[in-house]
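Subject: A structure for you to look at

Hi there,

Here is the structure I promised to pass on. Please have a look at it first, and then read on for what turned up.

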Amino acid sequence: MSSRRSSSRQSGVSRITDDQITDLVSKLQQLIPELRGRRSDKVSASKVLQETCNYIRSLHREVDDLSDRVSQLLASMDTDSDQAAIIRSLLMQ
């Protein structure tokens with residue numbers, strides 16, 4: 001990979017440095033609940049990326065579940081009711 005980096009530098013293309021990658025992985029680690037609070041030197045970059053993918057998948061499932069629940073709730077109530085109007089207004093924000 002370093003040969004690819006050096007060839008891209010020669011062609012004038014700006015590439016991310018190893019220090020920048022390390023910094024970004026560290027910041028990403030702080031965003032993932034499973035990894036938050038662990039010392040960054042104890043977790044590999046590949047583990048951080050793997051856990052990030054898992055976390056994003058779980059967030060997608062949660063959004064899908066919540067969307068289904070809201071759809072069911074709206075389907076079960078009168079669409080002209082005050083509660084339906086409140087839910088619609090919250091979804092539009």
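A residue is called buried here if its relative accessible area is under 20%, and exposed if that area is over 50%, with partly exposed in between. Please keep in mind that this is a predicted model.

With that cut-off, helix 3 has Val48, Glu51 and Thr52 as its buried residues. What do they pack against? The buried residues of helix 3 pack against helix 2.

Helix 3 itself covers residues 45–76. From the first C-alpha to the last, its 32 residues reach 46 Å, close to the 46 Å expected at 1.5 Å a residue.

Now for its neighbours. The axes of helix 2 and helix 3 cross at roughly 40° and come within 10 Å, which makes helix 2 oblique to helix 3. On the helix 2 side, the contact is made by Val25, Leu28, Gln29 and Leu31, and on the helix 3 side by Ala45, Val48, Leu49, Thr52 and Tyr55. The crossing of these two helices is left-handed.

Helix 4, residues 82–91, packs with helix 3 at an angle of about 150°, the axes being 10 Å apart. An angle over 145 degrees counts as roughly antiparallel, so that is how helix 3 and helix 4 stand to each other. Here Val70, Leu73 and Leu74 of helix 3 meet Ala84, Ile87 and Leu91 of helix 4. This crossing, too, is left-handed.

How many salt bridges does the structure hold? There are two:

- Asp23 and Lys27 meet through their side chains, at 3.3 Å from N to O. Both belong to helix 2 (residues 18–31), where they sit four residues apart, or about one helical turn. Asp23 is partly exposed, at 37% relative accessible area.
- Glu51 and Lys47 form a salt bridge at 3.1 Å, N to O. These two are also four residues apart, in helix 3, so about one helical turn separates them.

The Glu51 pair brings us back to the buried residues. Is Glu51 buried or partly exposed, and what about Lys47? Glu51 counts as buried because its relative accessibility is 13%, whereas Lys47, at 30%, counts as partly exposed.

Happy browsing, and do write back with any thoughts.

Best wishes

Definitions and conventions: Residues are numbered from 1 along each chain as its sequence is written. This is a predicted model: local features need pLDDT of at least 70, side-chain atom pairs count only at pLDDT 80 or more; totals for chains, interfaces and linings use all residues. Side-chain values use heavy atoms; hydrogens and water are left out. A salt bridge is a side-chain nitrogen of Lys or Arg within 4 Å of a carboxyl oxygen of Asp or Glu. Buried means under 20% relative accessible area, exposed over 50%, partly exposed in between (1.4 Å probe, protein chains only). The expected span of a helix is 1.5 Å times one less than its number of residues. Contact means heavy atoms within 4.5 Å. Axes are lines fitted to C-alpha atoms, for helices over the stretch in contact, and angles run from 0 to 180 degrees between N-to-C directions. Angles under 35 degrees count as roughly parallel, over 145 as roughly antiparallel, 65 to 115 as roughly perpendicular and the rest as oblique. A crossing is left-handed if the near helix is turned anticlockwise from the far one by less than a right angle, and right-handed if clockwise.
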